[in-house]
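Me: I have a structure to go through with you. Could you take me through it step by step?
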Amino acid sequence: TQRRRLAVLVLLAVAGDRGLSRDKVLALIWPESEPARARHALAQLVYAERRDLEAENLFLGVKTLRLNPQLIQTDVALFEQACGRGDAGAAIALYRGAFLDGFHLPGSLEFEHWVESQRERFAALAAEMSVREARAAGSRGDRVGAVSWWREAVRVDRYRTEHAIGLMHSM
């Protein structure tokens, strides 16, 4: 139950202002359950979160669920906002490694696939921010800055040849 509670919060955190339909949540968290049973489980989970966190309006929406940004702020949202405004320093400070590394939801291969796609997306965003800053530092003649940003790109995606070559050229 605790893992499912966390999984629902994670799904809604990543969905942000768009929210996520209840049907999508059900398909990702309770893929093998009968629809009525899954809907009941989600309703109970939402109720329990509101009760335990003493926040009646923690979740917004009826058919589409989303977290109330007035009550809860997530590092995922802050990371995406930093990327959106091109603030590589803030984005990289928020990117601490693979998304949900070590977290698994037994019995939900759909959720695992979703996590993997988000993991790849966040890593790509972090690498993109680092590469952009590395190139900008190199253009300014800031070798120290370029090396630092290329190292960050390698840390985020160590299998990308472009990052290793960029690091070597900047040294």
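Me: How many helices and strands does the protein chain have?
Reply: The protein chain has 8 helices and 3 strands, taken as DSSP runs numbered from the N terminus, with helices being H or I of at least four residues and strands E of at least two. This is a predicted model, in which local features need pLDDT of at least 70, side-chain atom pairs count only at pLDDT 80 or more, and totals for chains, interfaces and linings use all residues. Residues are numbered from 1 along each chain as its sequence is written, and side-chain values use heavy atoms, with hydrogens and water left out.

Me: In what order do the elements run?
Reply: From the N terminus on, the order is α-β-α-α-β-β-α-α-α-α-α.

Me: Which residues of the largest nonpolar core touch the most other members?
Reply: They are Ile-29, Trp-30, Phe-99, Phe-111 and Trp-114, in a core of 54 residues. Such a core is a set of buried Ala, Val, Leu, Ile, Met, Phe, Trp, Tyr and Cys residues joined through side-chain atoms within 4.5 Å; buried means under 20% relative accessible area with a 1.4 Å probe, protein chains only.

Me: And which element gives the most to this core?
Reply: That is α6, with 11 residues.

Me: What is Trp-30 in contact with?
Reply: Leaving aside neighbours within four places in sequence, Trp-30 is in contact (heavy atoms within 4.5 Å) with Arg-4, Val-8, Val-25, Ala-38, Ala-41, Leu-42 and Leu-45.

Me: Changing topic, how much of the protein chain is buried?
Reply: Buried residues make up 40% of its 171 residues.

Conventions:
Buried means under 20% relative accessible area, exposed over 50%, partly exposed in between (1.4 Å probe, protein chains only).
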